[in-house]
Amino acid sequence: MTCYDRRDLGLLLLRLGTGGVLAAHGAQKLFGWFGGHGLEGTGQFMESVGYVPGKPSALAAGLAETGGGTLLALGLATPAAGAAAAGGMAGAAAVHVPNGFFAQEGGYEHPAVLGLVAAGLAVTGPGRLSLDHALGHVLDRGWMVPAALGVATAVTAAVVGTRTRRLRRTAEGGQETLFEE
């Protein structure tokens, strides 16, 4: 008989809470559930804050949050799930940075915390009360952690960097280019 310790229970609570919040937030984007605007409305919002094209950006963000959150809650493919969710939250935080840190002012506090917890779970692992553990950690190998976090960091840096350059050009009065050279 396996005896679970408080670390396993703590990781389960972190995974369920963080994964559930992320999955619900992503479902707002993808399906319009829980008062969300679905892909169409979220795509329009994404365009308005500089993530172009909007609808594919909304789809990517929704999949990172819903997929990453669901997998984190289940404790399945934890390195990839945590990295995807952390990348999505870094993109969300970039939108809120001009408003400062605290959420009541529209700041980046909420996406920063969700992203840090997701990244922490990717590094720490899901614990023994997880599908990864039940499946012998075939989707949770040590080498997968830096690989997943590295890919997520590179993609997030490219997407957020492109958005930042676009916003800077617009603020300086330059015309937005359709295609980058």
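**Notebook: helices α1, α4 and α5**

I started with what sits over α1: the cover on its buried residues includes α2 (38–48), α3, α4 and α5. A reminder to myself is that this is a predicted model. The buried residues of α1 are Asp8, Leu11, Arg15, Thr18, Gly19, Leu22, Ala23, Gly26, Ala27, Lys29 and Leu30. I noticed that Asp8, Arg15 and Lys29 are among them.

Next I checked the span of α1. The helix has 26 residues, and I get 36 Å from its first C-alpha to its last, close to the 38 Å expected at 1.5 Å a residue.

Then I moved on to α5, which runs over residues 109–124. With 16 residues, α5 reaches 22 Å between its end C-alphas, close to the expected 22 Å.

Which residues of α5 are buried? I listed Pro111, Ala112, Leu114, Gly115, Ala118, Leu121 and Ala122. I jotted down a rule that helps with lists like this: an α-helix has 3.6 residues a turn, so residues three or four places apart point the same way. The buried residues of α5 pack against α1 (6–31), α3 (54–74), α4 (78–96) and α7 (144–171).

The crossing of the two is left-handed.

Who touches whom here? From α4 I wrote down Thr78, Pro79, Gly82, Ala83, Ala85, Ala86, Met89, Ala92, Ala93 and His96. They meet Pro111, Leu114, Gly115, Ala118, Ala119, Leu121 and Ala122 in α5. Sorted by class, the contact has 13 nonpolar residues, 4 polar ones and no charged ones.

Ala152 lies in helix α7. Is Ala152 buried or exposed? It counts as buried, because its relative accessibility is 15% and the cut-off for buried is under 20%. I also took the distance from Ala152 to Arg7: their C-alpha atoms are separated by 27 Å, and the two are 145 residues apart along the chain.

Cys3 is in the segment before α1. Cys3 comes out as exposed, because its relative accessibility is 61% and exposed means over 50%.

Technical notes:
Residues are numbered from 1 along each chain as its sequence is written. This is a predicted model: local features need pLDDT of at least 70, side-chain atom pairs count only at pLDDT 80 or more; totals for chains, interfaces and linings use all residues. Side-chain values use heavy atoms; hydrogens and water are left out. Helices (H or I, at least four residues) and strands (E, at least two) are DSSP runs, numbered from the N terminus. The expected span of a helix is 1.5 Å times one less than its number of residues. Buried means under 20% relative accessible area, exposed over 50%, partly exposed in between (1.4 Å probe, protein chains only). Contact means heavy atoms within 4.5 Å. A crossing is left-handed if the near helix is turned anticlockwise from the far one by less than a right angle, and right-handed if clockwise. Ala, Val, Leu, Ile, Met, Phe, Trp, Tyr, Cys and Pro count as nonpolar, Asp, Glu, Lys and Arg as charged, and the others, Gly among them, as polar.
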